[in-house]
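Hi everyone, thanks for making time.

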Amino acid sequence: MSDEMTSMERVLAALSFKEPDRVPLFHMLTIYGAKESHVSIKEYFSKPELVANAQLSMQQKYKHDCLYPFYYAALELEAWGSESIYFDNAPPNSGRPIIDDFGDVLSLEAPDVLESSGMGMVLETTRILKEHAGEDIPIVGVVMSPFSLPVMQMGFGEYLDLIYGEPDIFSELMKVNKKFSVQWANLQVQAGATVICYFDPVSSSTIIPPELYRKTGFKVAQKTISEIKAPVATHMASGRCLPIIDDIAETGSAVVCTSVLEDLAEVKSACAGKMSVLGNLNGIEMIRWTQQDAESKVKDAIEKAAKGGGYIMSDNHGEIPYQVSEDVLLSISNSVRKFGKYL
Amino acid sequence: MVLYTTLSSQFKQYLLSLNKVAAKRLIQDEFTGDNAFQLIQQIMMPALENIGKEWEVGSIALSQEYMASNICEEIVNSILPPESPKRRDMPVLGVATLGDQHMLGKQIVASCLKASGFSIFDYGAIPVDELATNVVKDAIEVLLVSTLMLNFAYEVKSLRNCFNETGISTNIIVGGAPFLFDDELWKQVGADAMALDATEALSKVYELTGVVE
Ligand code: B12
């Protein structure tokens, strides 16, 4: 087969465990668009058209197979009243937590996504992308899982204390967060997102043990994903997923992203026929890769995961760092086209 | 000694099952009033280090290590109060995040060090210049830096430059997520050492200061 499928056809074939013309590639570019547009990250994320234009021009440049209207995780927290902290060369971070005391949870209400100007901008970016891409290129929307959001809402140590020590308050918080995540995901679907990436790294086995996941993050994911009106990819943001792979499949996820800390071949075979695999290039190490490094990492991933479809290549975190060079991104793209062809 | 090895693995099981009461009782039963360091070094630290090693290979989760180090910190405070003069003969240590607001890594490192009997200076997220001033004032011998975001990992370079320019000889040990994903990064930013896991911090401190455990 020649390289003439549209990105959408390529991705859909892969997701239905068929071999398309070549391995699909997702360059998950976020703040990288600010570099592309020669503006500060703060300015970049204040203009939805700028983000959309950068997404489109980067897709042309790198010829990868998705558009990614995701801004940054802390943006969701802005809807809850938190202020984000901006940096020159890194993604914004969430500011002060909005929950100071576990008791605060009992009076917490989910904000209406439609009233958040930041999330409105993401929706606007998504609509512009949809206008341009139509059915040719998948648009990947993002939600933080109700289970991972609390790290930003209250702080990580505090949240672990809550999970272990206050199961009732924990489940109240999950109800509120679920309402928010579902509304957010479905508004993105309405605006044109083809697939929703469900960022849930707190569920990863890097962070909590599988037994605890089955009682907490798993149940939350199952309920939330069942209400999202598009296929869902579970993303562990480079946390491990292998010990809970069967459970993740049972949440209704169509795709899972694995970490570079795990063996891609092992993850692929554990997912066989159940979920497709996304990953697992090391975005941080990528900063010092040579073009040869890029080529050999791409080849290696293809060898481990491409056979039979069910595989999309990407970095393992869902975001290419600002410091990665364009040459390396181009090498990855070129290598996928060169070595990722299915016969 | 053999007895302590058995007790240490028992202690580890209590930590992993979050059985704080049993963990505390095990140590209290062995405590004679002047063997705190022995219990720390032969029962508690081996258990914590073991948990840390298992986290590195992915067979234990971070939440378990976090809970375990918290429990240990609390137990150590009961047998070796923070104001104990015995804590003063050890190298002077500081922990910092260089501006990174993500505190959990630092918190676990601090708990592990406190659980080993150290008193430490916690500089929170103060920026490099202010940190350097404090390092001099407090005569810090080893500074342990934890960052979660890559941009703050690069701040270690500014810290090292600042130390070099002002003739500060304090050692810098780094750790945190970015260092786990690039094993060259710690050298690139001019640190003296890195550890994959918070429980390893202690042995790195001993290595750098030449103090024997
Ligand atoms: C869970 C997670 C999330 C959660 C919670 C994050 C949080 N803490 O606030 C959510 C979904 C919210 C999230 C969001 C984001 N994340 Co995130 N996330 C993770 C993940 C999976 C774990 C992070 C974590 O908190 N671990 C717990 C800490 C304690 O672990 P640790 O730092 O590794 O510490 C251990 C050891 O390293 C060691 N250690 C730590 N410090 C020290 C110090 C010394 C001296 C020593 C010896 C040892 C040591 O001890 C600990 C265990 O013993 C990592 C990837 C990974 N696999 O680690 C990405 C990761 C941290 N995320 C990352 C990023 C970029 C983000 C976002 C900025 C993405 C975005 N564009 O919005 C946001 C920021 C959110 C915010 N706070 O504003 C990057 C950061 C690096 C970078 N590229 O800059 C990572 C590393 C992913 C990657 N591979 O690139 N994330």
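Let's start with a quick one: is F45(A) buried or exposed? Keep in mind that this is a predicted model. F45(A) is buried, at a relative accessible area of 3%. Y44(A) is buried as well, at 0%. The rings of these two, Y44(A) and F45(A), sit with centres 5.0 Å apart and planes at 55°, so we call the pair tilted. Ring pairs also join Y44(A) and F45(A) with Y71(A), Y72(A) and Y86(A) in a cluster.

Now another pair, W80(A) with F180(A). This one is edge-to-face, with 5.0 Å between centres and 65° between planes. W80(A) comes from the loop between α5 and β2 of chain A, while F180(A) belongs to helix α9, so the pair ties together parts 100 residues apart in sequence. F180(A) is buried at 0%, and W80(A) is buried at 11%.

One more ring before we move on: K35(A) lies over the face of Y322(A), 5.3 Å from the ring centre.

Okay, the ligand. Residues from chains A and B surround the ligand, so the site is shared between chains. There are 43 residues around the ligand, and the closest include A73(A) and H102(B). By type, the shell splits into 30 nonpolar, 10 polar and three charged residues.

Note on methods:
Residues are numbered from 1 along each chain as its sequence is written. Chains are lettered from A and ligands numbered from 1 in the order in which they are written. This is a predicted model: local features need pLDDT of at least 70, side-chain atom pairs count only at pLDDT 80 or more; totals for chains, interfaces and linings use all residues. Side-chain values use heavy atoms; hydrogens and water are left out. A residue is near a molecule or strand if one of its heavy atoms lies within 4 Å of it. Ala, Val, Leu, Ile, Met, Phe, Trp, Tyr, Cys and Pro count as nonpolar, Asp, Glu, Lys and Arg as charged, and the others, Gly among them, as polar. Rings of Phe, Tyr and Trp (its six-membered ring) pair if their centres lie within 6.5 Å; planes under 30 degrees apart count as stacked, over 60 as edge-to-face and the rest as tilted. Buried means under 20% relative accessible area, exposed over 50%, partly exposed in between (1.4 Å probe, protein chains only). Helices (H or I, at least four residues) and strands (E, at least two) are DSSP runs, numbered from the N terminus. A charge sits over a ring if NZ of Lys or CZ of Arg is within 6 Å of the ring centre and within 35 degrees of the ring normal.
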